[in-house]
Amino acid sequence: MAFAIPMVIVTLFWGFVGGVVPWFIPKGPNRGVVITMLVLTAVCCYLFWLIAILSQLNPLFGPALSNDTIWYLQFHWR
Amino acid sequence: MDSFFRSEEMCLVQLFFQTESAHNCINELGHLGLVQFKDLNPGTVAFQRRFVKEVKKCEEMERILRFLENEVVKSNIPIPADFTSETIPVPRDVLDLESRFDKLEQELKEINSNRDTLRQNFTQLMEINHLLKVFDAFLFYLHDRFVAGVIKHERFPAFEKILWRLFHGNFVLRHAEIKPHEEENMADPVKKDVFVVFVQGDQIRGKIRKFHASMYPCPNNAYARKEMRTNVNTRIEDLRLVLKRTEEFRETTLTAAAANLQEWASKVKKMKAIYYTLNLCNIDITQKLIVAEIWCPVSDLNSVHTALIHGSEQSGSSLSPVVNRIQTQQTPPTFNRVNSFTSGFQSIIDAYGVGNYQEINPAPYTMVTFPFLFAVMFGDCGHGLVMTLLALWLILHQEHFRKLKNELIDMLVDGRYIIFLMGLFSIYTGLIYNDCFSKSFNVFGSSWSVRPMFHPHGPWTNDTLHDSGHLHLDPLVSGVYSGNPYPFGVDPIWNIASNKLSFLNSYKMKMSVIMGVAHMLFGVTLSLVNYIFFRNLKDVALQFIPEVIFMLSLFGYLIFLILYKWCVVMKSESAPSILLLFINMMLFDYSSEGTVLYRTQKPVQIFLVVVAVLMVPWLLFAKPLLLYRKHKQLKFLSLPFCLSLFFGVKKAFVSLQVSMADIFVYQGIHTIEYCLGCISNTASYLRLWALSLAHAELSEVLWKMVLQVALRVTSGMGSVLLAVTFAAFAVLTVTILLVMEGLSAFLHALRLHWVEFQNKFYKGSGYKFTPLSFNRMRDMQ
């Protein structure tokens with residue numbers, strides 16, 4: 001469940017940037033270029049975030065920590 | 001407007017105008033900056049052209065102007081930079097300016113030579129003055145024969161040696177250094193010494209002359225010396241006055257010239273450009289009409305026409321110039337209309353090759369993908385922030401930077417928007433890599449926790465901690481991994497883990513392959529757009545479809561494997577390596593155990609490899625065979641139906657001239673290049689991983705070995721040490737991580753675009769549209 005929240009939020013955000021904002025760009029000589037930039041930015045950034053989160057979804061191994069770090073984390077992280 | 005996605009449509013236009021209005025019309029066109037003149041006399045050499053004399057005159061005037069500018073700069077007179085000259089240079093202006101320049105040059109040369117002679121005289125008089133001053137001090141040794149003079153200070157020891165050799169010590173030499181006044185320093189800055197030699201014999205004079213020392217006749221008795229001194233003093237005063245007057249006159253002349261210098265320079269430049277352009281045109285027999293051919297964007301034809309009418313009105317001619325658009329088979333130049341934001345990106349595309357006429361322009365896509373790929377390799381939000389701020393500074397102060405006229409800074413200023421976007425994207429990728437000056441942010445709370453690893457939940461006890469230095473967290477123990485990945489980016493626990501590279505390498509390599517295949521698929525899709533625009537639907541079926549299927553069936557499947565392995569839960573012991581899976585797929589090797597990710601893997605993979613292999617002969621043979629069949633069809637039907645077929649299959653008719661062997665070879669090369677290129681280019685995208693790893697490691701080294709050392713010092717001196725160390729850290733960060741890594745990532749991102757992306761669709765063998773533009777000429781100087 002807690003995985004769905006960031007998924008939805010980020011997808012909606014980049015979907016807004018790439019799919020909704022282009023409709024509101026005023027007509028002018030640069031309209032095509034601005035729309036292209038918005039769509040490409042949305043696609044690239046969303047893909048990059050998606051790869052980052054999917055690669056951590058089902059980890060095959062965990063981090064190796066030094067015993068000092070483990071000692072610290074045992075008390076300070078919940 | 002579609003003009004940036006594709007180069008503009010150009011038309012060839014013939015212009016006819018009268019000789020009197022030629023200068024005004026070309027001047028108007030030059031201000032407009034939208035037409036490129038075609039050379040109508042390509043066979044003639046430079047000195048055979050009609051207006052070559054006028055061009056030479058203009059060059060001579062430019063030389064005089066440079067000489068004037070040098071003199072003005074030498075005298076530290078400021079040149080007023082602002083000038084608004086809208087005067088049109090006409091032929092009679094040429095003669096007028098020419099005579100004026102000649103006169104100015106003559107005057108200035110005369111003034112300069114006069115001043116030099118005066119200065120020489122002044123120096124001589126001052127030397128005599130000094131000589132006479134110190135002579136009295138030498139006069140304890142009265143002797144008849146002596147020679148007095150002035151020699152350069154540095155040559156004095158050699159002079160003394162020569163005298164010893166000559167006279168075997170039979171002489172007396174006295175010398176004193178001249179301490180010059182301010183004005184003497186200006187006139188003659190060399191240090192000099194006064195000397196007196198008391199000696200017998202006359203050969204001394206020859207030796208002195210060889211040393212370039214000046215000799216002065218000095219009278220023997222004190223009274224005559226005194227008279228000489230007063231004489232010399234009056235002469236010095238007179239000379240001082242004359243010199244001052246000369247300098248003043250020179251300054252006034254130069255200031256008057258400096259006021260007009262910029263205006264004249266621009267006028268001469270314009271005239272030279274106009275004559276150069278006139279050399280490209282044709283003058284007809286009656287000497288009254290000039291014919292010119294220009295390339296001009298179709299959308300700007302109206303403005304060109306208006307400019308010409310304006311020009312002819314200004315010259316007072318009765319007939320307006322005729323504009324006649326003609327059809328042509330020649331390839332027009334490529335014109336991409338850019339503004340100050342897009343010009344940087346267009347120039348890096350053009351550096352590789354100017355696009356074919358009306359071919360798709362990669363620049364609008366490059367505006368995002370280039371900074372993005374740079375950021376993937378640079379990925380540090382702290383460094384990205386510094387880069388963005390630097391770019392903002394460049395953008396806001398660009399006028400100031402352009403004034404410095406330094407080549408490196410000019411390049412930086414031209415690319416200020418590129419650097420700005422690179423910095424912005426680097427902040428984003430830095431946030432996702434969770435890397436800020438090699439430290440991570442923990443905003444949402446890590447998904448990994450240590451407590452469940454301990455008794456009674458997990459296998460660890462306090463003794464386990466004491467026994468070993470490093471321990472692995474096991475995701476299979478419940479609670480260690482929360483089940484939800486870190487919401488934005490890489491989990492911050494990896495920053496403090498000792499096996500961080502194992503995770504990051506696997507993640508970044510797979511990310512590079514995914515980005516690479518996506519980028520290349522985008523490139524292939526753009527080639528489809530090109531085919532559709534040029535109505536080349538045959539190539540869509542013969543080239544685009546097999547290319548896409550080949551890439552998707554092999555590398556699209558690879559991406560599917562990567563995503564599948566990420567999304568599906570599996571035990572780490574039984575997880576097959578994707579690389580081995582892929583290799584075995586190509587070799588049809590299904591013998592080893594546990595090599596399946598999903599149930600129907602074997603038949604799917606066999607099907608995909610067979611499809612991919614079938615695409616190769618499709619790419620290789622389909623297009624040439626089709627052309628061959630058309631060729632034979634034409635030859636068979638050529639005799640009776642030649643005419644009708646000519647209009648119908650004009651393209652195939654043209655290809656008759658090309659031999660079939662050429663077509664087969666070309667298609668073979670293209671197939672090999674594409675198929676092997678798919679594999680090698682996908683591997684080439686792994687540089688995204690490699691450079692981001694290098695950047696992260698360098699960043700970590702700077703932290704661990706430089707800044708952390710100072711932060712760990714506990715004594716009071718630690719703060720001073722920290723200040724010094726931070727300075728070192730900052731300098732190293734800027735030079736190594738920003739400049740060196742930035743240039744490196746820039747270069748590699750550029751290479752990825754130029755080679756891996758553009759060889760899927762871009763031909764890049766056009767020629768650039770270079771209009772006659774006075775603005776461009778002024779910016780280039």
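A residue counts as buried here when its relative accessible area is under 20%. Keep that cut-off in mind, since it comes up again and again in this predicted model. By that rule, helix H9 of chain B, residues 343–352, has these buried residues: Gly344(B), Phe345(B), Gln346(B), Ile348(B), Ile349(B) and Asp350(B). Chain B also touches chain A, and the contact takes 66 residues from chain B and 44 residues from chain A. Here's a quick tour, topic by topic.

**Transmembrane stretches on record**

- An unreviewed UniProt entry lists "transmembrane region" for several spans of chain B, including residues 372–396, 416–433, 513–534 and 575–592.
- In the model, residues 540–563 of chain B are 100% helix and 0% strand, with the end C-alpha atoms 30 Å apart.
- Residues 720–740 of chain B are likewise 100% helix and 0% strand, and here the end C-alpha atoms lie 29 Å apart.

- The size of an interface is often given as the accessible area lost when the parts come together.
- Chain B and chain A bury about 5,000 Å² between them, with 72% of that on carbon and sulfur atoms.
- Polar contacts do turn up, though: 21 residue pairs between chain B and chain A, both partners at pLDDT 80 or more.
- On the side of chain B that touches chain A, at least two residues each come from H10, H14, helix H15 (462–467), strand E10 (470–472), helix H16 (500–533) and helix H17 (537–567) of chain B.
- H16(B) gives the most to that side of chain B, with seven residues.
- Sorted by class, the side of chain B that touches chain A has 46 nonpolar, 16 polar and four charged residues.

**Salt bridges**

- Side chains of opposite charge can pair when their charged atoms come close.
- Over all chains, the structure holds 20 salt bridges.
- Lys272(B) and Glu62(B) form one, at 3.4 Å from N to O. This pair links distant parts of the chain, with Lys272(B) in helix H7 (residues 222–280) and Glu62(B) in helix H2 (residues 52–74) of chain B, 210 residues apart.
- Within that pair, Lys272(B) is partly exposed at 25% relative accessible area, while Glu62(B) is buried at 17%.
- Glu247(B) and Arg115(B) form another, their closest N and O atoms being 3.5 Å apart. Glu247(B) belongs to helix H7 of chain B and Arg115(B) to helix H3 (residues 91–138) of chain B, and 132 residues separate them.
- Glu247(B) is partly exposed, with a relative accessible area of 24%, whereas Arg115(B) is buried, at 13%.
- Lys623(B) and Asp539(B) also pair up, with 3.2 Å between the closest N and O atoms. Lys623(B) sits in helix H19 (residues 601–648) of chain B and Asp539(B) in helix H17 of chain B, 84 residues apart.
- Lys623(B) is buried, at 15% relative accessible area, and Asp539(B) is buried too, at 7%.
- Glu60(B), Arg63(B), Glu105(B) and Lys109(B) are joined in a network of salt bridges.

**A look around Met520(B)**

- Met520(B) is found in helix H16 of chain B, and it counts as buried because its relative accessibility is 1%.
- Leaving out residues up to four places away in sequence, Met520(B) touches Met551(B), Cys678(B), Asn681(B), Thr682(B), Tyr685(B), Glu756(B) and Lys760(B).
- Met520(B) and Asn681(B) are 161 residues apart along the chain, and their C-alpha atoms are separated by 8.6 Å.

**Two positive phi angles**

- Most residues other than glycine have a negative phi.
- Ser438(B) has a positive phi, near 70 degrees. Its place is in the loop between H14 and H15 of chain B, and Ser438(B) counts as buried at 6% relative accessibility.
- Arg535(B) has a positive phi as well, near 55 degrees. Arg535(B) lies in the loop between H16 and H17 of chain B and is exposed, with a relative accessible area of 68%.

Conventions:
Residues are numbered from 1 along each chain as its sequence is written. Chains are lettered from A and ligands numbered from 1 in the order in which they are written. Side-chain values use heavy atoms; hydrogens and water are left out. UniProt positions are given in the numbering used here, feature names are shortened, and annotations may be inferred rather than shown by experiment. Helices (H or I, at least four residues) and strands (E, at least two) are DSSP runs, numbered from the N terminus. Buried means under 20% relative accessible area, exposed over 50%, partly exposed in between (1.4 Å probe, protein chains only). Contact means heavy atoms within 4.5 Å. Buried area is the accessible area (1.4 Å probe) that two parts lose on being put together, summed over both. A polar contact is a pair of N or O atoms within 3.5 Å; within protein, one must be able to donate a hydrogen and the other to accept it, and residues adjacent in sequence count only if both atoms are side-chain atoms. Ala, Val, Leu, Ile, Met, Phe, Trp, Tyr, Cys and Pro count as nonpolar, Asp, Glu, Lys and Arg as charged, and the others, Gly among them, as polar. A salt bridge is a side-chain nitrogen of Lys or Arg within 4 Å of a carboxyl oxygen of Asp or Glu.
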